[in-house]
Amino acid sequence: MTQFIRTPPENFASLADFAHPPRYHAWQDMRIHYVDAGPADAPVMLLLHGMPTWAYLYRDMIPTLVAAGYRCIAPDHLGFGRSDKPTDVHWYTIARHVEILTSLIVGLDLKRVTLVCQDWGGPIGLAQAVLMPERFERLIVMNTWLHHPDYEYTPAIRAWNRNWHEGGLFHRPRPDVALIMVLSAGLAGPDVILPALTRGEAPAFTGPAARIYEGFSAPFRGLPDEAFNGLRRFPRSIPFDGYHDGNGAAQTHHYRVLLDWPKPVHFVWGCADDVFTEAWGRAWADRMKASFDAIDAGHFLQNTHGKAIAERIVERIAEEPRGRAGGRTP
């Protein structure tokens, strides 16, 4: 039996901007949470988050996509959001996250899927398009990567990894990752966020900063330190310098297969990101013969520009030559 922690539902009760009823998919002895919004028979937008976020990242995109005629499925990886949180840090591997998402897609029998992925949602989600291409109509790629031998990891991503090891900024009990989301949104500066992180005391945020902080702190508020192990594992799974738990060999295979992806691909990129840079995003889009939309945003572009991104996705799909997608669009 897996040892895990379940976030109490009252942690999410006050999220007025994310009032979707929770849905759950069983995987072994745990629950994977997902949002399911829009008509059940509509083409699907599969919205995948990364680190340190959850489905709440897509709160401003879901209404626009549903209004455009899509069914939005936004799952939380195990260890994140409303999903259960295994306590063993070594339980978490990228291959296991891939397997669990496959189980959800097959369990819900999702078809006519548009994959929307960012951060770790890229390696986990793009694997699904390689494994089950018949279920996917197109790919929407945002600020992510797939490991391959020629990929050059930026100083920013190496620093992110380093900060989760001993002596790093986040190597501490119950690291308050919601502070990162306030900082990245430009709603508080490092002079406010870094002391709060080291002290373990959140500032008295107001306005939009309070809303974002509440949303991204909800999955972990009041939980013991072991509930944070999913957070710890993602940064330390980045497969550089010979590290193997990040599924790097599989990522390389998926990268090479997807360079010949025959269906539509659209890149929407936060070009102020120092982790996954504009230059990398443009180069990848060129190799995939994909469109590229530059957004004046950082790494978590859905958090700051969600509605505009959703509108652009709908526009890009409408511009596709008839017959390119694997099925009908709304």
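These legends describe close-up views of one predicted protein model.

The model is predicted: local features need pLDDT of at least 70, side-chain atom pairs count only at pLDDT 80 or more, and totals for chains, interfaces and linings use all residues. Residues are numbered from 1 along each chain as its sequence is written, and side-chain values use heavy atoms, with hydrogens and water left out.

**Figure 1**
Helices (H or I, at least four residues) and strands (E, at least two) are DSSP runs, numbered from the N terminus. Along the principal axes, the C-alpha atoms fill a box of roughly 55 × 45 × 40 Å. Buried residues make up 57% of the 330. Buried means under 20% relative accessible area, exposed over 50%, and partly exposed in between (1.4 Å probe, protein chains only). Of the contacts with a separation of 6 or more, 77% join residues 24 or more positions apart. Contact means heavy atoms within 4.5 Å.

**Figure 1. Surface and charge of the protein.**
The accessible surface comes to about 13,300 Å², and 53% of it belongs to carbon and sulfur atoms. Areas come from the Shrake-Rupley method with a 1.4 Å probe; for residues, only the protein chains shown count as cover. There are 33 positive and 36 negative charges, and their mean positions are 4 Å apart. Lys and Arg count as positive and Asp and Glu as negative; His and the chain ends are not counted. Each charge is placed at NZ of Lys, CZ of Arg, CG of Asp or CD of Glu.

**Figure 2. Strand β5 (residues 71-75) and its partners β3 and β4.**
In β5, 5 of the 5 residues are buried, so the strand is largely enclosed by the rest of the structure. In a regular strand the side chains alternate between the two faces of the sheet. Both faces of β5 are covered: R71, I73 and P75 are buried on one side, C72 and A74 on the other. Strand β3 (residues 30-37) pairs with β5 in the antiparallel sense over 4 bridges. Two strands pair if DSSP finds at least two bridges between them. Strand β4 (residues 44-48) runs parallel to β5, joined by 3 bridges. C72 is the bridge partner of A37, and M45 also stands opposite C72.

**Figure 3. Strand β8 (residues 136-142) beside β7.**
All of β8 is buried, 7 of the 7 residues, so this strand too is largely enclosed by the rest of the structure. Strands β7 and β8 run parallel and share 6 bridges. V113 stands opposite F136 in this pairing.

**Figure 4. Backbone geometry at P52, R112 and N247.**
Most residues other than glycine have a negative phi, and most peptide bonds are trans. The peptide bond from M51 to P52 is cis, with omega near 5°. P52 sits in the loop between β4 and α1 (62-67). R112 is not a glycine, yet has a positive phi of about 50°. Its loop lies between α2 (94-107) and β7 (113-118). R112 is partly exposed, at 25% relative accessible area. N247, also not a glycine, has a positive phi of about 65°. N247 is in the loop between α8 (229-233) and α9 (248-258).

**Figure 5. Q302 in helix α11 (residues 301-319).**
Q302 is buried, with 0% relative accessibility. Beyond its neighbours within four places in sequence, Q302 is in contact with L57, Y58, M61, Q118, M142 and I309.

**Figure 6. Helix α7 (residues 207-217) and L187.**
The buried residues of α7 are A209, I212, Y213, G215, F216 and S217. They pack against α5 (178-184) and α11. L187 lies in the loop between α5 and α6 (190-199). L187 is partly exposed, at 36% relative accessibility. Leaving aside neighbours within four places in sequence, L187 is in contact with V182, P208, A209 and I212. L187 and I212 are 25 residues apart in sequence and 9.4 Å apart, C-alpha to C-alpha.

**Figure 7. E152 in the loop between β8 and α4 (155-162).**
E152 is exposed, at 68% relative accessibility.
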